Structure formats: structure tokens, C-alpha cells
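User: I have a model to go through before setting up some calculations. Could you walk me through its local backbone features and packing?
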Amino acid sequence: MSDIKLVSAQEMLTKAKAGKYAVAQININNLEWTKAVLTTVQELQSPIILGVSEGAGKYMCGFNTVTAMTTAMMKTLGITVPVALHLDHGSYEGAKQALADGFSSIMFDGSHYGIEENIEKTKEIVALAYAKGVSVEAEVGSIGGEEDGVIGGGEVADPEECKKIADLGVTMLAAGIGNIHGVYPPNWTGLNFEVLAKIQELTGTMPLVLHGGTGIPADMIKESISLGVSKINVNTECQLSFAEATRKYIEAGKDREGKGFDPRKLLNPGYEAIKATVKEKLELFGSVGKA
Ligand SMILES: [Zn+2]
């Protein structure tokens with residue numbers, strides 16, 4: 001099992017784009033989260049991208065701790081499906097830190113810079129990452145909702161700007177098409193497929209990334225995959241199902257029965273809920289059996 005290691009997202013996404021399915025990025029927050037995702041993808045023989053935001057990285061005591069935990073867990077569990085450990089919405093400094101700490105994929109989110117500065121910084125990060133065999137995601141047009149405290153306006157990306165960034169040789173490209181992070185408001189107008197089609201036309205075989213996968217209706221997910229989306233990020237949905245299952249356990253008074261207060265018992269319903277959510281997403285995105 002000594003050959004079990006993290007991989008770049010390049011190969012799994014190239015296959016997904018060609019095969020018209022999407023690989024899920026599931027964000028992780030702690031040991032239970034990581035174990036829930038890894039055991040589920042192994043059972044379903046699906047490739048996976050584990051997303052770590054800078055905030056979640058700090059919470060878990062640094063990217064180095066996350067890398068050590070994830071790789072050790074993969075070896076112990078005998079995880080043989082492709083797993084990429086990916087920095088989500090990395091800053092310029094955060095991206096460099098994740099590279100130093102052994103992440104196999106990084107997102108450099110330069111969407112808040114002007115396009116010229118975004119291009120310059122993305123180029124630099126791409127060169128550093130490729131020297132280590134690490135894949136790179138870039139973002140054009142900030143994605144609405146909250147990204148670790150930064151509120152984006154929910155822009156729709158300019159397809160010509162997407163082409164400029166894609167031409168820098170990034171592995172994958174996230175473009176705002178009306179998607180937002182967190183829970184979608186009732187008056188949400190949906191995804192802009194016209195712009196997505198234009199981006200795909202201009203960027204060719206580049207795997208496109210859809211952020212804010214929580215609460216996008218299944219038919220919109222399928223249509224976006226048919227238009228070149230090969231990676232879909234899911235974060236909030238696992239948080240909601242974890243919280244819901246944990247609340248039910250407490251409300252039912254189970255923590256007061258016997259040793260129900262034992263954290264290994266207390267956190268188990270949430271663990272199972274994450275597994276169920278991940279399974280549902282992998283089935284919807286079509287990546288089951290594609291490892
Ligand atoms: Zn995002």
C-alpha cells in the first residue's frame with residue numbers, strides 16, 4: 001500500500017470532460033469529514049477532490065496537518081481511487097503555502113484583482129505548481145455569496161476573459177455563471193447557460209468548474225455537465241446534513257442515554273449523513289465507477 005498517494009486533478013478531470021460527467025469537490029472540515037468522504041468514494045469507486053478552504057486549513061492546524069492526516073488515512077483505509085487534495089479559493093500567499101505543504105491541487109482565486117493582475121499572478125502560480133506536478137484552478141468573475149468572509153456579487157464571467165486565463169495553461173477554470181456559495185435565495189434566477197456555452201466554445205477541452213453546488217436543481221447540474229462542467233464544488237450541503245443529523249440526535253436525548261455523550265457516538269449520525277450526501281452527489285454527477 002506504500003504507493004497510495006495524492007494525485008493532481010489533471011487526469012481525473014480530463015477523463016471527466018471527455019466522458020461527460022463531473023468529479024465532485026467535497027470540502028472537508030475535520031477528521032470525521034475526511035473519513036466519511038474517503039470511505040464513500042472507495043465504496044463507490046469514484047475519483048474525488050477534497051477541498052480545503054484557507055479557513056478550514058487554519059481550523060485543522062495548517063495545510064501540513066491536513067496533508068499528513070489525509071495521506072495517513074488513505075494508507076490506513078487502503079484508498080485506491082484517485083484523490084486530489086485541493087486548496088479552495090486560495091490567496092496568492094495561501095497558494096504558495098499549500099504547495100509547500102504537499103497539496104496536490106490548488107485554486108488561485110485572483111478574481112478580485114483586475115484581469116491583468118489576475119493574469120500575472122496566475123502565471124506565476126501555474127509555473128510554481130507545474131514544477132511540482134500540481135494542478136491549478138483559476139477563477140474569472142467572482143462567484144456570489146460568501147467565500148471565507150469575502151462577499152462576491154454573483155457576477156457572470158466575461159467569456160473573452162475566461163479564454164485569456166485558460167490560455168495561461170491552467171488545469172481547470174471556474175467561471176461565475178450566476179452560481180453563488182451557500183444557500184440559494186428563493187428569488188435566484190438560475191444559471192446562465194448561454195454564457196457557459198460561450199465559455200466552453202472559447203476554451204475547448206478545458207475542464208470547467210461549477211462552484212456553489214448546494215441547492216442547484218438536478219436538471220441544471222446535468223445541463224451544465226453537458227456544456228463542459230467537469231468539476232462541481234459541494235460544501236454547504238454536507239454542513240447542513242451534518243448539522244441536521246447531529247441536532248436530531250441531541251433533540252432525541254440520545255446523548256443522555258448510556259454513553260451517548262461519547263464523541264464517537266455523538267458525531268456518528270453526522271458522519272453517516274455526510275456519507276449519504278456525498279453518495280447522492282456522486283450519483284448525480286455521474287462519477288460512480290469512474291475511478
Ligand atoms: Zn467557490
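Predicted model: local features only at pLDDT ≥ 70, side-chain atom pairs only at ≥ 80, totals over all residues.

User: Let us start with helix 1; which of its residues are buried?
Analyst: Helix 1 spans residues 10–19, and its buried residues are Met12, Leu13, Ala16 and Lys17. They lie on the same side of helix 1, because they cover an arc of only 130° around the axis.

User: What do the buried residues of helix 1 pack against?
Analyst: They pack against strand 1 (23–27), strand 3, strand 8 (172–175) and strand 10 (229–234). The face turned away from the buried side carries the exposed residues Ala18 and Gly19. Just after helix 1, Lys20 takes a positive phi of about 55°.

User: And helix 5; which residues are buried there?
Analyst: In helix 5, residues 92–100, the buried residues are Gly94, Ala95, Ala98 and Leu99. Seen down the axis, these fall within an arc of 140°, so they line one face of helix 5. Glu93 and Ala100, on the other side of helix 5, are exposed.

User: What covers that buried face?
Analyst: The cover over the buried residues of helix 5 includes helix 3, helix 4, strand 3, strand 4 (105–108) and helix 6 (115–130). Helix 5 is followed by Gly102, with a positive phi near 90°.

User: Is His89 buried or exposed?
Analyst: His89 counts as buried because it has 26 C-beta neighbours inside 10 Å, where the threshold is 20 or more.

User: Now the nonpolar core. Which members of the largest one touch the most others?
Analyst: The largest nonpolar core has 78 residues, and Val37, Ile106 and Leu173 touch the most other members. Helix 12, residues 268–285, gives the most to this core, with six residues.

User: What is in contact with Leu173?
Analyst: Beyond its neighbours within four places in sequence, the contacts of Leu173 include Ala138, Val140, Cys162, Ile165, Thr203 and Leu208.

User: How does helix 12 meet helix 10?
Analyst: The axes of helix 10 (residues 236–251) and helix 12 come within 8 Å and cross at roughly 145°. Helix 10 passes helix 12 in a right-handed crossing. By class, their contact has eight nonpolar, four polar and four charged residues.

User: Which residues take part in that contact?
Analyst: On helix 10 they include Glu237, Phe242, Lys248 and Tyr249, and on helix 12 they include Pro269, Glu272, Ile274 and Thr277.

User: Last topic: which residues of helix 8 are buried?
Analyst: Val195, Leu196, Lys198, Ile199, Gln200 and Thr203 are buried in helix 8. What covers them includes helix 7 (159–166), strand 8, strand 9 (208–210) and helix 9 (218–226). Gly204 follows helix 8 and has a positive phi, near 60°.

User: What can you say about Gln200, and what is it in contact with?
Analyst: Gln200 is buried, with 21 other C-beta atoms within 10 Å. Setting aside its neighbours within four places in sequence, Gln200 is in contact with Leu208, Leu227 and Gly228. The C-alpha atoms of Gln200 and Gly110 are separated by 20 Å, with the two residues 90 apart along the chain.

How values were computed. Residues numbered from 1 in each chain as written. Buried ≥ 20, exposed ≤ 12 C-beta atoms within 10 Å, placed from the backbone. Contact = placed C-beta atoms within 7 Å. Helix = DSSP H or I, 4+ residues; strand = E, 2+ residues; numbered from the N terminus. Arc of directions from axis to C-beta. Core = buried A, V, L, I, M, F, W, Y, C linked by C-beta atoms within 7 Å. Axes fitted to C-alpha atoms, helices over the stretch in contact; angles between N-to-C directions. Left-handed = near helix turned anticlockwise from the far one by under 90°. Nonpolar A, V, L, I, M, F, W, Y, C, P; charged D, E, K, R; others polar.
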